[in-house]
Amino acid sequence: MTAVVAKPVRATVAAEPGGTRAAVLTLALFETRRLLTRLPVIIAFVVYIGWTVWRGGKAWDGYPALQDADRATQSAPMLVGLAVLLAVNRAALRSRRYGTEAHFAVLVLPPWRRTVAHALSVVAAALLTAVCVAGQFGREALRPGAIGHGSVGELLVGPLTVLLAGLAGLLMTQLVRSALAAPLTVVFFLLLSLFGTGMGDGATRWFMPVVLEPAAITLPSDLIGRPAAWHALYLAGLALCAGLVAVLAAGGRRPVVLAGVAGAVAMTLVGGVAQAGGDSPQLVKARERATVNPEQVQTCVRRDGSAYCAFPEWGPRVADWAGVVHRVRSLAGGSAHDQDVVVRQRIEARYGLSGDSALMPLERPHEVTVRTRWGGNRVPEFSAAVAGVLVAGNEKASTSMCDGRMVTVMWLALGWESDPMAVLRRVRLNDTVTGSDFVLQPTDGMYMTAAQTEVLRALLDRPRGEVTARVKSHWAELTEPKVTAARAARLLGVRSPEGDDKCLD
């Protein structure tokens, strides 16, 4: 009887120059295709793109500041990252799940090289996310009213978050050989995002992948002070650590892998320490100067006799501000019709992006505050501030005014609008068009009584030219302190109000 001894199968690809590398790339392309066509990943990208398209332009009312638009690209990719984490983890455990791990012994690729292929598939998902981020930011940058400057470091956070999540899912396959680990991790991070948004304070929050800001303030680019570049380096190092440690745990103990792990750890430490350094003394001083003495860092230009002083990045906004001032003055009478004003851009920058304190009204004559955000409700708020200064003389006086002059102020602020009733609703604190309410403006609000609101509504229902003529002919009486809403109604030819005309104490 003759015994036949089967010779072990030898891999032939490894003998060819570059054969192993080609096999890794081939497997990486295969895993990339499977990863990007997995249902959770497809759904995540569809939701991400759909949300981005739907939200496009709404956060800035069509006039984006690019130093805010870059940060707006960071939150949505976290959903993609969780989907990629789940998909990569399942793909790496596929052979174990189906009991085919033993068959891989006859292949050219050892386990650590297959792990490299899975890691490369994650890179493809991160690059696709980068394309989406570039499209989202580019859309805002191309809007006609866009101002400011974006940060490359901020734009890298989204793709790096996806890369980190995917490589973390790959590392989990080497540490926990269970199909439940990835889903439980996804649930944990979803709960953390819902209930743990306030975790961490100061420097510690920068150890999270995405660092959100609690306030919706817009600052000049050079006053933001976020360590975006260091944070991107930290995330890149953390992602490389996860991927290379996964390769190392799979058996890839080659010098290049060990050197890569050492380099990734160094990147993570350098980025982590640098991003936690806090605000520099120079930044603190610059924020103080921009808040307390903005005229030292602003450029002023003149339009129709009025001066418009803005931070350098807001130069293109001057035309919009001048248009509002012109339209408000066109409805005014007496000396206010030709009164020059100083429009001063003001911010509260001393607390960075973590606080948005109210601005105190100015007491200098005919000086009006305008803030850094523009469009939507910001336009009638600025219009109300201009009208208040034309009637009362300065912002401090206008915010403490509570008499029939408010009818004239609000007519100047809204009379030129195409749909003044809709704008009236938006500019009032509680979105009302009846009764008493506060009128919003860049500094402290103004108060309207129910009687003043009645008179204003009656004026807005009349032809603009007729009301404008009455306002100009009775300007002195309408802007006299302590004039009542009933007196203003008689001067303007509308019915006397029935509502309460009592001011707040």
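Colleague: Which hand does the link of Cys 402 and Cys 503 have?
Modeller: That link is left-handed, with -105° about the S-S bond. Bear in mind that this is a predicted model.

Colleague: Where do Cys 402 and Cys 503 lie?
Modeller: Cys 402 is in the loop between α14 (395–399) and α15 (405–414), and Cys 503 is in the segment after α20 (485–492), so the pair ties together parts that are 101 residues apart in sequence. The S to S distance is 2.1 Å.

Colleague: Is Cys 503 buried, exposed or partly exposed?
Modeller: Cys 503 has 24% relative accessibility, so it counts as partly exposed.

Colleague: How many disulfides in the count?
Modeller: Two. A disulfide also joins Cys 300 to Cys 309, with S to S at 2.0 Å. The torsion about its S-S bond is about 110°, so this disulfide is right-handed.

Colleague: And the accessibility of Cys 300? What about Cys 309?
Modeller: Cys 300 is partly exposed at 44% relative accessibility, while Cys 309 is buried at 2%.

Colleague: What is the pairing in sequence order?
Modeller: With the bonded cysteines of the protein numbered in that order, 1-2, 3-4.

Colleague: Switching to α2. What should its 17 residues span?
Modeller: Helix α2 covers residues 39–55, and at 1.5 Å a residue it should span 24 Å. Its end C-alpha atoms are 24 Å apart, which agrees.

Colleague: Which residues of α2 are buried?
Modeller: Val 41, Ala 44, Phe 45, Tyr 48 and Thr 52. They cover an arc of only 95° around the axis, which puts them on the same side of α2.

Colleague: What is on the face turned away from the buried side of α2?
Modeller: The exposed residues Leu 39, Val 46 and Trp 54.

Colleague: Now cavities. How many of 30 Å³ or more?
Modeller: Two cavities. Ten residues line the largest cavity, and the closest to its centre are Tyr 63, Ala 65, Thr 372, Arg 373 and Trp 374. By class, its lining has six nonpolar, two polar and two charged residues.

Colleague: What lines the second largest cavity?
Modeller: Glu 31, Leu 35, Ala 87, Val 88, Ala 91, His 118 and Ser 121. This cavity has about 30 Å³ of space.

Colleague: Which helix supplies the largest share of that lining?
Modeller: α4, with three residues. Helices α1 (19–36), α4 (77–92) and α6 (111–141) each supply at least two.

How values were computed
Residues are numbered from 1 along each chain as its sequence is written. This is a predicted model: local features need pLDDT of at least 70, side-chain atom pairs count only at pLDDT 80 or more; totals for chains, interfaces and linings use all residues. Side-chain values use heavy atoms; hydrogens and water are left out. Helices (H or I, at least four residues) and strands (E, at least two) are DSSP runs, numbered from the N terminus. The expected span of a helix is 1.5 Å times one less than its number of residues. Buried means under 20% relative accessible area, exposed over 50%, partly exposed in between (1.4 Å probe, protein chains only). The arc is that of the directions from the helix axis to the C-beta atoms. On a 1 Å grid over the protein atoms alone, a cavity is a set of points where a 1.4 Å probe fits but cannot get out, and a pocket is an open set with protein on both sides within 12 Å along at least five of seven lines; lining residues have an atom within 4 Å of a point. Grid points are joined across faces, edges and corners, and a volume is the space filled by probe spheres set on the points. Ala, Val, Leu, Ile, Met, Phe, Trp, Tyr, Cys and Pro count as nonpolar, Asp, Glu, Lys and Arg as charged, and the others, Gly among them, as polar. A disulfide is a pair of cysteine sulfur atoms within 2.5 Å.
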